[in-house]
Amino acid sequence: MTSEARRGYAKGRAKRTEILDQAMTLFGEAGYRGASLRVIATRCGISHPGLLHHFPTKEALLLAVLQHRDDVDDEWLALGVTRGLDHLRRLIDLAELNAKRRGIVELFSVVAAEATSPDHPAHAYFEARYRTSVANTELAYRQARDAGDLRDDVDPSAAAQQLIALMDGLQIQWLISDCATDMAGVLRAHVQAQVTVRF
């Protein structure tokens, strides 16, 4: 690849990242249905056809934004293999990280609510995401139980659903309270009440 081609590739990749960032912001502000590709293009300083060169449809852009968010979170969650209580601690750490990323929390909360409709383009994405999140969390609770760290009256399956629901509900409260809600603190207290060791 020539140096000119490399510069063109890097420039295209930078523009793609800028589009994803602007789209994430607008989807968080206006929701998927309320967001306009033309507005996103304008915010990026490109034409509407220029945006379509990178993302041929609004649906493709939304799914790319969601995947970009997941890639960032997955990379962070994968730092060191975690099991049992360590995995549950990492989820609380993620809540602390999210408290520094209002735009990402807004995007997730708004689009997840819209995506409850079966005809929404992100419906299948969120269906799979929740299934995976609950399954991974249930596994962590089972590992904690096997290690003797979980109270006997805590069911790993129910606890996993409750923790994921609590995480998402706290994000909405945090947004509405203008970031005053202590998401990580509430989550930590919740898990502490379920385990037999200092959490």
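## Arg151 and its partner

Arg151 is partly exposed, at 34% relative accessible area (buried is under 20%, exposed is over 50%, partly exposed lies in between; 1.4 Å probe, protein chains only). Its salt-bridge partner is Asp153, with the closest N and O atoms 2.6 Å apart. A salt bridge here is a side-chain nitrogen of Lys or Arg within 4 Å of a carboxyl oxygen of Asp or Glu. Asp153 is exposed, at 58%.

## Basis of the model

This is a predicted model: local features need pLDDT of at least 70, side-chain atom pairs count only at pLDDT 80 or more, and totals for chains, interfaces and linings use all residues. Residues are numbered from 1 along each chain as its sequence is written, and side-chain values use heavy atoms, leaving out hydrogens and water.

## The Arg102 network

The structure holds ten salt bridges. Shared partners join Arg102, Glu106 and Asp178 into one network.

Arg102 meets Glu106 at 3.4 Å, N to O. Both sit in helix H6 (residues 102-114), four residues apart, so about one helical turn separates them. Helices are DSSP runs of H or I, at least four residues, numbered from the N terminus. Arg102 is partly exposed at 30%, and Glu106 is partly exposed at 21%.

Asp178 also bridges to Arg102, at 3.8 Å between the closest N and O atoms. Asp178 lies in the loop between helices H8 (156-176) and H9 (183-192), so this pair ties together parts 76 residues apart in sequence. Asp178 is exposed, at 61%.

## Overall build

The protein has nine helices and zero strands. Its C-alpha trace spans about 60 × 40 × 30 Å along the principal axes. Of its 199 residues, 41% count as buried.

Methods:
Helix = DSSP H or I, 4+ residues; strand = E, 2+ residues; numbered from the N terminus.
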